[in-house]
Amino acid sequence: MSALPIIQLRAVGKSYGANRVLKGIDLDVMRGEIVTLIGPSGSGKTTALRCMNFLEAYDEGEIWIKGQLLGYRSTGRTLRDRDSEATIAEIRRPVSMVFQQFNLWPHMSVLDNVATPLVLAKKVPKSEARRKALAALTRVGLEHKADVYPTRLSGGQQQRVGIARALAIEPEVMLLDEPTSALDPELVEEVLTVIRSLAQEGMTMVMVTHEMSFAAKISDKVVFMEAGRIVEAGPPAQLFGNTRTTRLQQFLKPWFDRSLSIAAPADGMTASTPQVEAAQA
Amino acid sequence: MMNNLITILPSYGAAVLVTLEVSVLAALLGIAGGFVINALRLRFTRSLALPYGFFVWLIRGTPYLSQLVVIYFGLPALGVTMSAVQATIVSLALYSSAYFAEIFRAAWNSVPHGQLEAAQVFGISRWARFRVIELPQAAAFALPLLANQVILVIKESSVASIITVPELTMTASGIVSATYTYIGPYALLIVAYWLLTQAVSLLAQQVSARIPFLRKTS
Amino acid sequence: MNDPDFLAHAASYLPQLLQGALTTLWLSALAVVCGFFAGIFIYTMSVSQSRLLSTAARVHVSMFRGTPVLVQLLVFYYVPSALGLDLPGAVAAAIALSLNTAAYQSQILGVGFRSIPRGQIEAAVTFNLTRRQTLWYIEVPQVVRTTLPALVSEMIDVIKASAVVSVISVTDLMRVGQQLSSSTYRPLEAYSLAACFYLGITTLLSITGHVYSRYATRRG
């Protein structure tokens, strides 16, 4: 089993002008691991995630994808040290992303949305791309919507298409940026179900989310960030059951107040909703 | 070449005056005409809707050049003769009046009906409603469009060179064919028009910034 | 005067009138198509990081929108010949009209480009589409759809503007009208007839545009 992390962050920093959003982030994501980033808004968790596929350019430290430095040629971090677009594309090839606002392309059918990255970026022939796209759609339960246009779908369905698109390129790690935050409450569960089944199959994931009980159940590692730094990190049992820092305790207070049990059950991952647990408590 | 440019400047100066004279007159007549046409349309909506539509369709569906030649070359057959300059001013005024009428129509429609109803309910007279509510807002809406149309009039005036009106384009072409130099005169021609259009733009911006009620509130 | 005379003459001129209309149409179509691609190019230049490119784009737009089409036409016809390159009237006309409509289309299309949510571009970047692929497969199809009414309006403007090419001896609809006028000595009827042809063309285009946008919005 390779001990090389699939994604490594070392002392990563990022500023927007005078505003320092990331202040030295160290993080390892191992193959098969599910890492969840939690924290208040403005903590930098989304920025950290978006640096992992160079959607945002970090300006301090290093990010390694499968052992290759992402985004820069040498140890310099100015614009001039940036790798070419082609090199960046090559290095982030194993990384895929699911967006909070889905970011589907409205002028294409669902099938074309999923197939387009394969056709254009991976140069897969159209017929094979459509086959793979259909397989990905089946995986998320939407193969019957292949020829429909995104605007006709519900939010939950659109996000599942987004997940199918992220899956179709056969990534080695998936980044999920608050995948359910833009959804109406009754649509959240269908998306979480898909994410859970991907996790069960061993997909490596880094997820930013506010769904605490979900995070507790499926994560291998939970990372709590505040003001651009990692405050506490560890398995869910530790972070939620045996919180070390007062800041995390304060952050989690609303969830504890609602009498929700968010400790990870000992028997592994079982589907459960917060309502069920509150009833059981 | 600079020497040559300096020698032709006076002719350009005279030509600019002709261009301005023609354009400004036509624009003023066009604005007045367009305003009246729109006012009439508002007053006699039922009987004038169709003629108005036909008028606008005709003027906006054909090139200005074709309208100019119909008026200058064609009208004499009906007993109406006019000089090239007169024909230009008349045709340009007619042409722009259709566009100005449409601008005024849009400007009046831009004032939300609810505001006028509220004024009516509060007993504000028709004239006061027009003066205090409709006019300022419609004017603010219309000003940039009016300025743009004036710019279009200045540009269209160049077409009058075809019927030998001594405006900018005709003058430049005359100099070109007389001296066999092309670059200097044409470069100066471009600069002249560009300065004119920029000036109108800037003037409009200044006007809308200075006059309080013309500043857009939203 | 003798109307039947004119009508007979006009009827015999019908082939030329149609030929002239066709010239007007293909010249305008060529200009609009070239102007479309040039307009996209100018827009991408205007938002480029390079100061040089963005300034060049702004200068182009300012120059071509701030000066008359006739002047642009004369420049592209006479100046090359002064520099030793003799351009046929039709070529000079095509170049001038294309560059002119490119300036206007860059502004029209720009509105469309700016209305595309950034997230769609981020998704394209994430999935490693090149900038060119993102432009042509993701952005342009949507931009055309949203700006179509304005583009049709611009097409109509190009057809009307093309009337001035008659002065550099291109046998377009306007020029055939002139020829008909000189051969019949009936300028009023001749020029009015030419104007009617223009009116027919612009009206047809306008109706097509309306019908298409009604159809397109229904498909959703």
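This is a predicted model: local features need pLDDT of at least 70, side-chain atom pairs count only at pLDDT 80 or more; totals for chains, interfaces and linings use all residues.
**Chain C**

Begin by selecting chain C, which contains eight helices and zero strands. Followed along the sequence, its pattern is α-α-α-α-α-α-α-α. Oriented along the principal axes, the C-alpha atoms of chain C occupy a box of roughly 75 × 50 × 25 Å. Of the 220 residues in chain C, 44% are buried. Among contacts in chain C with a separation of 6 or more, 73% join residues 24 or more positions apart.

**Chains B and C**

Next, display chain B together with chain C. Two pairs of chains touch, and the pair with the most contacts is B and C. This contact draws 27 residues from chain C and 27 residues from chain B. On the chain C side, colour helix H2 (51-66), helix H3 (69-82), helix H7 (173-184) and helix H8 (187-219), each of which supplies at least two residues. The greatest contribution to that side comes from H8(C), with 10 residues. By class, the side of chain C that touches chain B comprises 20 nonpolar, six polar and one charged residues.

**Chains A and C**

Now bring chain A into view. Chain A and chain B do not touch, and 29 Å separates their nearest C-alpha atoms. With chain C, by contrast, chain A does make a contact, to which chain A gives 16 residues and chain C gives 16 residues. Select helix H3 (residues 110-121) of chain A: four residues from this helix form the largest share of the side of chain A that touches chain C. That side of chain A divides into nine nonpolar residues, six polar and one charged.

**Helix H6 of chain A**

Finally, select residues 185-200 of chain A, which form helix H6. Its 16 residues span 23 Å from the first C-alpha to the last, close to the 22 Å expected at 1.5 Å a residue.

Which residues of H6(A) are buried? They are A:Val191, A:Leu192, A:Val194, A:Ile195, A:Leu198 and A:Ala199. Viewed down the axis of H6(A), these buried residues fall within an arc of 160°, so they line one face of the helix. An α-helix has 3.6 residues a turn, so residues three or four places apart point the same way.

To see what covers the buried residues of H6(A), show elements of chain A including strand E3 (34-38), helix H5 (155-168), strand E7 (173-177), strand E8 (204-208) and helix H7 (212-218). Turn to the other side of H6(A), where A:Glu186 and A:Gln200 are exposed.

Definitions and conventions
Residues are numbered from 1 along each chain as its sequence is written. Chains are lettered from A and ligands numbered from 1 in the order in which they are written. The expected span of a helix is 1.5 Å times one less than its number of residues. A residue is buried if 20 or more other C-beta atoms lie within 10 Å of its own, exposed if 12 or fewer, and partly exposed in between; C-beta atoms are placed from the backbone. The arc is that of the directions from the helix axis to the C-beta atoms. Two residues are in contact if their C-beta atoms, placed from the backbone, lie within 7 Å. Ala, Val, Leu, Ile, Met, Phe, Trp, Tyr, Cys and Pro count as nonpolar, Asp, Glu, Lys and Arg as charged, and the others, Gly among them, as polar.
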